[in-house]
Amino acid sequence: MAQRSGTEASGAVLVVDNDEGFRRSVASLLRHDGYRVSEAEDNESALQILGEQDIALLVLDLGLPSGEGLQLLDQITDPPPVLLTSGSGVVQFEDPRVSVFLAKPCPPPQLLEVVANLISSTTSSTPRARKKPPGAQEEPGPDPETR
Amino acid sequence: MKYKRRFSTWTAVVLVVVSGLSVGGWALVTHGVDDQNRALLENDESQVVLLLQSALQNVQTQLRTVAYFTVSAHNSPQVFTQQVQALATQAGQSVALIDKSGPAPRVLLSTGGDLRQDQPLPSAVADVAMHAAPALASSLLHVGNRALLALSTTTPVYPDIAAVETSVINPGRAMPNRRGPYSHIYINLYATPSGRPNDLILTTFGPAPLPPPVAKSVVKFGSIRWLAAAAQRTPLSGTYAQASPWIALGVGLLIAVALALLVETLAQRERHAARLVAERTTELLKAQQTLVRNERLAAVGELAAIVGHELRNPLGAALNDLFILRQSLGDQARGEVDEFLSETERQVNRAARLSEDLTSYMREREPVLTDLDFEELVSEVLDSTPPPPGVAVSVDSSAELEGDPLLMTQVMTNVIANAYQAMTQGGPLRLAAQHEDHAVLITVEDGGGGFGADVADRLFDPFFTTRDDGTGLGLAIVKRLVELHHGTVAIENVDGGGARVSIRIPRGSSDRG
């Protein structure tokens, strides 16, 4: 059993997906693997959680019909690494804010491996994500994480 | 398809009917013209007969006058000569007054070469003189080698005195009548009503029989019964009337040909139009069938994409949950539990593949072209889709193609996976790519069993599959993605079994430097 020591010392993983079944299963998978996980079913609640919590990784659904998931990224400055998922199969696009793309459904071991890689790269170098609440001021990131 | 006949039935009917009418018209007009000619001829001939009768009347009167005055003057030669002048006007004519009261005829007075006072009468002439009567009589006589026409009469006052006139005739020679009132007809005159050739007195035509039509009538005067026969020298009704049947026939035949041509043209046009309509109808039906089929496929594809998309989330969730379940169970997953869990994982994975295929099929996007090394492309595909046991893959290429890496990877993955599935007994799988004119030809030749001719048309249709576990989308996706590259794909059986997929991807379509 590849139980990881998860993110005790780091931020949580935020799973944003409007499909409740998939969101719940990904959250369960990550929790089972030892991560702290928060869930949001839309951009609004995601922004709220981003403002309240320390988020190390965003697992974000591209969403339909026009990639509204990506709009979330427009509303935050200095976003955490983003694992983008899509129910539209393999899509090709270029967005520097997206670290990895995975098509749904993807094999759970692959998902876990990608998450682990992203978390480790985050904690080793990059500063933390900060939310930009609608109409609110910047909240400077106080604690850059290290592993 | 049966080619058109040479001529239509209607053309033949029109030609025959109108030609028949023309010939009928010709016959009718010819008959009419002949009737007219005959009537004109008969009219002319009756006038000739009247003329002849009048001439004979004249001769009788003059012969009687000669006899009367001469005998009354006691057979005065002067009176005779004076009276005869009106009668014997031509050479070869002779006139005599003959006393027939005795046992033998005796010439009282005469003029001309054939009736001489000092010579005995030829017996034939003597016979005529002895039988002379008041009614004018005629006889055709042969004296020596000459033919004579003798006319004889007596006066009521001196019944014993016969007045006889003879004329030398030459019936074998035609007397041309080129001028005069009856120059337009030929006339033969015979000394008997039967008109035998030997009885010919006079002809303007010659010894040969008259050309038909011939009008005949008997000239009656005194005891004379002659036959006058007439024929036309030129058509009496005129050349135009004579030509009119032929003109009618010619015009009729021309009309027949013209009508036949018209009918034939119309018939051919109609046949042509009918053929065009049939062709267009066939084309339209074909086009309509294609349209309906394409629309059906598009609708199916759209539905497939929606279903595929909608299945992704639940399938992903199920995969994640199964993974957690497997992890949580750990060593407890044994026996039946492990068996059922594995089967569930297998089925969910299968469903996941299907949903992947369904979405791929309808994904529309323009390919992003880059240079792709075929060997590298195939190598990546073989890494992610390794050949099953028994399948020996060979790659023969150094070709570079222009394609979208992601899409071409999927194309090759699908084609190769399809080949694997056909090679249940293993065998060689040959992959090759070579440059052609402005294109790269990729061939994938498997060592499987090939496909039946009945399914050849449908192999690239979505959801068409010959396998129980196939989604029927693999080759349909290949076709779609290749067409997005403006390429073509075809599949054929190869000799010795197996199938070959040929994919042509054009080069030089991109505007990269």
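Where pLDDT is low, the predicted coordinates should not be read in detail.

This is a predicted model, in which local features need pLDDT of at least 70 and side-chain atom pairs count only at pLDDT 80 or more, while totals for chains, interfaces and linings use all residues. Residues are numbered from 1 along each chain as its sequence is written, chains are lettered from A and ligands numbered from 1 in the order in which they are written, and side-chain values use heavy atoms, with hydrogens and water left out.

Next, select residues 1–9 of chain A: pLDDT stays under 50 here too, and the model has 25 contacts beyond four places in sequence for them. Chain A as a whole has a mean pLDDT of 75, with 69% of its residues at 70 or more.

Now turn to chain B and display its open sheet of 4 strands, in the order 7-6-9-8, with antiparallel pairing. Strands (E, at least two residues) and helices (H or I, at least four) are DSSP runs, numbered from the N terminus; two strands pair if DSSP finds at least two bridges between them. Strand 7 and strand 8 of chain B are the edge strands, each pairing on one side only. From one strand to the next, the twist averages 20°. Helix 1 of chain B packs on this sheet, touching strand 6, strand 8 and strand 9 of chain B, and its direction makes about 20° with that of strand 8 of chain B. Such angles run from 0 to 180 degrees between N-to-C directions, with axes fitted to C-alpha atoms, for helices over the stretch in contact.

Select residues 214–221 and 224–232 of chain B, which are strand 8 and strand 9, joined by 8 bridges. B:Val218 has B:Leu227 as its bridge partner, and B:Lys220 has B:Arg225. In the hairpin of these strands, with 2 residues between them, B:Gly222 takes a positive phi near 55°.

Finally, visit the second largest pocket, with a volume of about 1200 Å³. Of its 39 lining residues, B:Leu52, B:Gln90, B:Met175, B:Leu189 and B:Leu202 are the closest to its centre. A pocket is an open set of points on a 1 Å grid over the protein atoms alone, where a 1.4 Å probe fits, with protein on both sides within 12 Å along at least five of seven lines; lining residues have an atom within 4 Å of a point. The volume is the space filled by probe spheres set on the points, which are joined across faces, edges and corners. Helix 1 of chain B gives the most to this lining, with 8 residues.

Notes
Contact means heavy atoms within 4.5 Å. pLDDT is the predictor's confidence in each residue, from 0 to 100.
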